[in-house]
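Here's a quick walk through a model you have on screen. Take a look before reading on.

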Amino acid sequence: MILLMAGVLCAGGTAAYFSDFAAARNTVAVGRNTTEIQEEFPDPTPTPIENNPQYDKTVWVGNVTGGESGFNVDCYIRVSLSYSNDDIGRGVTLQGLDTENWVYDPEDGYYYYRWIVEEGQRTTPLFTGIQIDSGKVDATYQEYLTGFSVNVYEESVQAGSFADYGAAWNYFEADLSDSQGGDGL
């Protein structure tokens, strides 16, 4: 009987020990990856295309400070360029192209910024101007090309713990089936 009573008392104490808990609030904030194209592009003076016009246009990308969550994450950035008219695009030469900090990949058409861009910082300018070589624009269309646009598109990916920009973008573009060992979604 004494052994039975000792067993009941020990079990009660053990059950109380395992059921004890304290509440804790675990607050998690989500970082935001918010970037924006920034440029200086003064109103150009219209110049006939046969005069090989040159225009000032400086383009870079900034990692915006703040946001709804209060902070932005460090990121890698890439930029692609397109033109409102393919004929003009064939004749455009980028002036002041920064090939030290930006790497062009002809396979996908993006310029990749080599370095992590921290919150509140921005890339170096990708280029500082454009010039049109009229000799590269089909003469048939020159009289119709009175205006054109240089379209700048940018993307960013969280830098995280990636070793460099190549690793970050390769991971971003990886097929999910490769990383999960299955046939995809």
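What follows covers a sheet, a set of aromatic rings and a couple of charges over rings.

## Ground rules

The model is predicted, so to speak of local features pLDDT must be at least 70, and side-chain atom pairs count only at pLDDT 80 or more, while totals for chains, interfaces and linings use all residues. Numbering starts from 1 along each chain as its sequence is written, and side-chain values use heavy atoms, with hydrogens and water left out.

## The sheet

Four strands make an open sheet in the order β1-β2-β7-β4, with antiparallel pairing. Strands are DSSP runs of E, at least two residues, and helices are runs of H or I, at least four, numbered from the N terminus; two strands pair if DSSP finds at least two bridges between them. β1 (35-40) and β4 (92-95) stand at the edges with a single partner strand each, so one side of each has no neighbour in the sheet.

Six bridges join β1 to β2 (residues 54-63). Glutamine 38 stands opposite tryptophan 60 in β2.

## Rings around tyrosine 112

Rings of Phe, Tyr and Trp (its six-membered ring) pair if their centres lie within 6.5 Å; planes under 30 degrees apart are stacked, over 60 edge-to-face, the rest tilted. That gives seven aromatic pairs. Tyrosine 112 and tyrosine 165 have centres 6.0 Å apart and planes at 35 degrees, so this pair is tilted. Tyrosine 112 lies in strand β6 (residues 110-113) and tyrosine 165 in helix α4 (residues 165-173), 53 residues apart.

Tyrosine 112 also pairs edge-to-face with tryptophan 169, at 6.0 Å and 70 degrees. Both are buried (under 20% relative accessible area, with exposed over 50% and partly exposed in between, 1.4 Å probe, protein chains only).

## Charges over rings

Arginine 78 has its charged end over the ring of tyrosine 110, 4.0 Å from the centre. Lysine 57 does likewise over phenylalanine 41, at 4.4 Å. Here NZ of Lys or CZ of Arg must be within 6 Å of the ring centre and within 35 degrees of the ring normal.
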